[in-house]
Amino acid sequence: MQEKNNLRKLKFGKTDMYITAMSFGALPMGRCSASEADVMLNAVLDSGINFMDTARIYADCEEKIGMFISNRRSEYYLATKTMARTAEGMYADIQTSLDKMRTPYIDLYQIHNPKNMQELETVMGKGGALEALKQAKAEGKVRYIGITGHNVDVLKQAIATGEFSSVQVPYSFVEQQSEKELLPLARNLGMGILGMKPFGGSQIRQVDLSLRFILQQGDIVPIPGMDNIAQLQQNLNTFCNFQPLTEQELELLRQEEREIGKDFCRRCGYCLPCAVGIDIPGIFILNLSFKRYGARAGGIPRYAAQPVKASACTGCGICETRCPYELKIRERLQEVVRNFES
């Protein structure tokens, strides 16, 4: 493990926070056991990473942070977020986050993924979530206010208001839609920028190259989700021994981009829970491996072990209403059936 406090930090926008230029996304803690989360969260802090991002909807992630590292609160900046859209709902969620993470304040509280302009108008308007965030900030419960999302147009409208200190957006070699207008606007406003899904939701195989691509941008902080020490060590090695990408390495990423395409599952998990219990993101990863490598990918026995197969889909379509990328999930599940069950 890397020595503590040996990691490069950068000033996070106009805030007073100096955060490690590669930080930690806590989403995977939701699928870890308590003992695994204990080891992992403490290992992250021991490594010198000083910024953690979680969310109210990330299973019991907030609770695990409170259980296992609240006694080390002075060592890290803490960010969370909620899907609450009203002032009442937001204020209640802020208090829940404070209680679960056993902290008197949260450094960055974010409005989580407004999907369209109607939702944005709700959170920004009278009686909306922003109102409660400003109240909580005045009370010292929240230090800075941010926003996250997958819809670049919505985020552009949001940050143009000047109400936010940070923006969190998907960013990787295969997902650079924010480069054209959103990121220049955020930079002009002096905002902190968090890059979620740095590995394309586990689609990108060249993990070290993908991470280096983001790090060489200079001001985008990748927050990879990690659930074991090996992943942490690999990402730390890439971070601490950073070198700009060569043309040959860029070509490897271009090849992955061509294979993955633009219309892919990011494993954000917003489609879940499925009404009949299908692990939609997990099954889509197996299907991607099958399409790339065929039977030799080893996905067939892994698919066979799935407790609920794609063929169990009832076609209700609820998952599609939740997907921030408007993927045709039901059609993809039928493709999975053809590939694995025919």
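Reader: How do the axes of helix H8 and helix H10 cross?

Author: In this predicted model, the axis of H8 (residues 207-215) comes within 10 Å of the axis of H10 (residues 247-260), and the two cross at roughly 110 degrees.

Reader: Why are H8 and H10 called roughly perpendicular to each other?

Author: Angles of 65 to 115 degrees count as roughly perpendicular. The crossing angle here is roughly 110 degrees, and H8 and H10 are therefore roughly perpendicular to each other. On the H8 side the contact is made by Leu209, Ser210, Arg212 and Phe213, and on the H10 side by Glu249, Leu252 and Leu253.

Reader: What makes up that contact of H8 with H10, in terms of nonpolar, polar and charged residues?

Author: Four of the residues are nonpolar, one is polar and two are charged. Leu, for instance, counts as nonpolar, Arg and Glu as charged, and the contact includes Leu209, Arg212 and Glu249.

Reader: Happy to move on to the loops. Why is Asn113 called buried?

Author: Buried means under 20% relative accessible area. Asn113 has 1% relative accessibility, so it counts as buried. Asn113 sits in the loop between strand S6 (106-112) and helix H4 (117-124).

Reader: Which residues does Asn113 touch, leaving out those up to four places away in sequence?

Author: Asn113 touches Met83, Arg85, Glu119, Thr148, Gly149, His150, Tyr270 and Pro324. Its backbone deserves a look as well: phi of Asn113 is positive, about 55 degrees, although this residue is not a glycine.

Reader: And Ala59, is that residue buried or exposed, and how do you know?

Author: Exposed means over 50% relative accessible area. The value for Ala59 is 58%, so Ala59 is exposed. Ala59 lies in the loop between strand S4 (51-53) and helix H2 (61-69), and has a positive phi of about 45 degrees without being a glycine.

Reader: What kind of peptide bond joins Leu272 and Pro273?

Author: A cis peptide bond, with omega at about 0 degrees. Pro273 belongs to the loop between H10 and H11.

Reader: Now the pockets, please. What is the volume of the largest pocket, and which residues lie nearest its centre?

Author: The largest pocket has a volume of about 1100 Å³. Its lining has 37 residues, and Leu27, Pro28, Arg31, Lys197 and Arg267 lie nearest the centre.

Reader: Which helices each supply at least two residues of that lining?

Author: Those are H9 (229-240) and H11 (280-293). H9 gives the largest share of the lining of the largest pocket, three residues. By type, the lining of the largest pocket divides into 17 nonpolar, 13 polar and seven charged residues.

Reader: How do the residues of the lining of the second largest pocket divide?

Author: Into six nonpolar, seven polar and seven charged. His150 and Pro324, which lie nearest the centre of this pocket, are also among the residues that Asn113 touches.

Note on methods. Residues are numbered from 1 along each chain as its sequence is written. This is a predicted model: local features need pLDDT of at least 70, side-chain atom pairs count only at pLDDT 80 or more; totals for chains, interfaces and linings use all residues. Side-chain values use heavy atoms; hydrogens and water are left out. Axes are lines fitted to C-alpha atoms, for helices over the stretch in contact, and angles run from 0 to 180 degrees between N-to-C directions. Helices (H or I, at least four residues) and strands (E, at least two) are DSSP runs, numbered from the N terminus. Angles under 35 degrees count as roughly parallel, over 145 as roughly antiparallel, 65 to 115 as roughly perpendicular and the rest as oblique. Contact means heavy atoms within 4.5 Å. On a 1 Å grid over the protein atoms alone, a cavity is a set of points where a 1.4 Å probe fits but cannot get out, and a pocket is an open set with protein on both sides within 12 Å along at least five of seven lines; lining residues have an atom within 4 Å of a point. Grid points are joined across faces, edges and corners, and a volume is the space filled by probe spheres set on the points. Buried means under 20% relative accessible area, exposed over 50%, partly exposed in between (1.4 Å probe, protein chains only).
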